[in-house]
Amino acid sequence: MYDINKIRQDFPILGREVYGKPLVYLDNGATTQKPLCVLDAMRDEYLNVNANVHRGVHYLSQQATDLHEAAREKVRAFINAKSTNEVIFTRGTTEALNLVVSSFADEFMGEGDEVIVSTMEHHSNIVPWQLQAAKKGICLKVIPMNDKGEILMDEYRKLFSERTRIVSVAHVSNVLGTINPVKEMISIAHEHGVPFMLDGAQSVPHFKVDVQDLDCDFMAFSGHKMYGPTGVGVLYGKEDWLDRMPPYQGGGEMIESVSFEKTVFEKLPFKFEAGTPDYVATHGLATAIDYLQGIGMDEIQRHETDLTEYAMKRMREIEGMRFFGEADHKDAVVSFLVGDIHHLDMGTLLDRLGIAVRTGHHCAEPLMIRLGIQGTVRASFGLYNTREEVDTLVEGIKRVSRMF
Ligand code: PLP
């Protein structure tokens, strides 16, 4: 039984008003709200435990270290990684992707080597590769998609060459909501002896993701999109790859010994964690995972799929409605335009009705070019959204449409 009223009480912010209207928060793809248990856990750590981790012999430092490492184990179990050595804490998806791009390219890529990405990537899975292209002369190859927003698998197969070194693709598109067939894509990459990096920013918060079942080599995701705090994210990487990759940043925490002649790096996972980690945020993230598992990932997925289908069904009633992203396998994102109403006008006027949506290119400008538009309005759902909120959105869009 999905007790939506009880769930909503865990998020006091959902009870506030904006412009005198009840808040309808439909920008969960950008960031999610935080339940009280996450805020309480972090407050409690700052109030009662706070000390730097891995450094002190004193009681508080050991307690903080225990919480931090317990968070790593929590993440490991959540994504079913083999070992905590495969769980690297980062600031978020973007930093995790940059870490792999930089370190992998340093070790395994040279001029003329190729990375395969898709048309629907977020800028954080495009720009880091372009930085390497400028530095080392590597090439990006792009998997095309059909008009529903689905990857063309035959074209994907054709992109592999003897210069392909890695594939890096979003699990779920933050604009189209498409759930890409990544298990099949990963197995195709492996047939070519090529590793696969998954951008899990929009999948891990919404449904169960098992890295061993998918057999991905790397995966990145952000705490703040899964009801955890900002400033913490995760890079999952198979130990075999991470072992062979050089550190991304140098500093404290990531060394075993340092002299002016030579530095010996720490073992995994610390080799990739230079400097004081946000150990309070990792505890917050672990608490968010407990929260998600308390509700159940399958229940969350069922609830959000229902909301998405209901939203698209109701929005079809609206004259001039155009959807972007109608894949057969789709997650909790609905991108749209109505007639020739500019996305920014629609978003601004919906905001006045208390409805928070995102407008613009959603950090996916190459996708906008493919779609031949400048931007969309995006409603993205979370575990606390309701059918009534979808109704409010639909009435809001109708009202704005009448004004034009
Ligand atoms: N990848 C995807 C698919 C995203 O949706 C986002 C954020 O919107 C990111 C990467 C970047 O995440 P962050 O800003 O948390 O690093």
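## Aromatic pairs

The model is a predicted one.

Tyr384 lies in the loop between β17 (376–380) and α14 (387–403), whereas Tyr227 lies in the loop between β9 and β10, so the pair ties together parts that are 157 residues apart in sequence. Tyr227 has a relative accessible area of 0% and is therefore buried. For Tyr384 the relative accessible area is 0%, and this residue is buried as well.

Which residues form one aromatic cluster with Tyr227? The cluster consists of Phe11, Tyr227, Tyr291 and Tyr384.

## Charges over rings

Two contacts place a charged end over an aromatic ring. In one, the charged end of Lys208 sits over the ring of Phe78, at 5.6 Å from the ring centre. In the other, Arg244 has its charged end over the ring of Trp241, 4.5 Å from the centre of that ring.

## The ligand site

The residues surrounding the ligand are Thr93, Thr94, His122, Ser124, Asn174, Asp199, Ala201, Gln202, Ser222, His224 and Lys225. Divided by class, this shell contains one nonpolar, eight polar and two charged residues.

| Residue | Distance from a polar side-chain atom to a ligand oxygen atom |
|---|---|
| Thr94 | 2.5 Å |
| Ser222 | 2.7 Å |
| His224 | 2.7 Å |

How much of the ligand's area does the protein bury? Taken alone, the ligand exposes 400 Å², and the protein buries 86% of that area.

## Backbone features

Leu268 and Pro269 are joined by a cis peptide bond, for which omega is about 0 degrees. Pro269 itself is located in the loop between β12 (263–265) and α10 (279–295).

Positive phi values occur in residues other than glycine. Asn80 is not a glycine, yet its phi is positive, at about 60 degrees. This residue is found in the loop between α3 (59–79) and β4 (87–90). With 27% relative accessibility, Asn80 counts as partly exposed, because that class lies between the limits of 20% and 50%. Cys363, likewise not a glycine, has a positive phi near 55 degrees. Its place is in the loop between β16 (358–360) and α13 (365–371). Cys363 has a relative accessibility of 23% and so counts as partly exposed.

## Residues in helices

Helix α3 holds Arg76. At 18% relative accessibility, Arg76 counts as buried, because the limit for that class is under 20%. A polar atom of the Arg76 side chain lies 2.8 Å from the backbone oxygen of Ala81.

Gln62 is likewise placed in helix α3. The relative accessible area of Gln62 is 43%, which means that this residue is partly exposed. Between the C-alpha atoms of Gln62 and Val49 the separation is 9.3 Å, and the two residues are 13 residues apart along the chain.

Thr305 has its place in helix α11 (residues 297–315). The relative accessibility of Thr305 is 27%, and the residue therefore counts as partly exposed. Thr305 and Ile79 are 226 residues apart in sequence, and their C-alpha atoms are 21 Å apart in space.

How values were computed:
Residues numbered from 1 in each chain as written. Predicted model: local features only at pLDDT ≥ 70, side-chain atom pairs only at ≥ 80, totals over all residues. Heavy atoms only, no water. Helix = DSSP H or I, 4+ residues; strand = E, 2+ residues; numbered from the N terminus. Buried < 20%, exposed > 50% of the residue type's maximum accessible area, 1.4 Å probe, protein only. Phe/Tyr/Trp six-rings, centres within 6.5 Å; stacked < 30°, edge-to-face > 60°. Lys NZ or Arg CZ within 6 Å of the ring centre and 35° of its normal. Near = heavy atom within 4 Å. Polar contact = N/O pair within 3.5 Å; in protein donor to acceptor, adjacent residues only side chain to side chain. Areas by Shrake-Rupley, 256 points an atom, 1.4 Å probe, with all protein chains shown as cover. Nonpolar A, V, L, I, M, F, W, Y, C, P; charged D, E, K, R; others polar.
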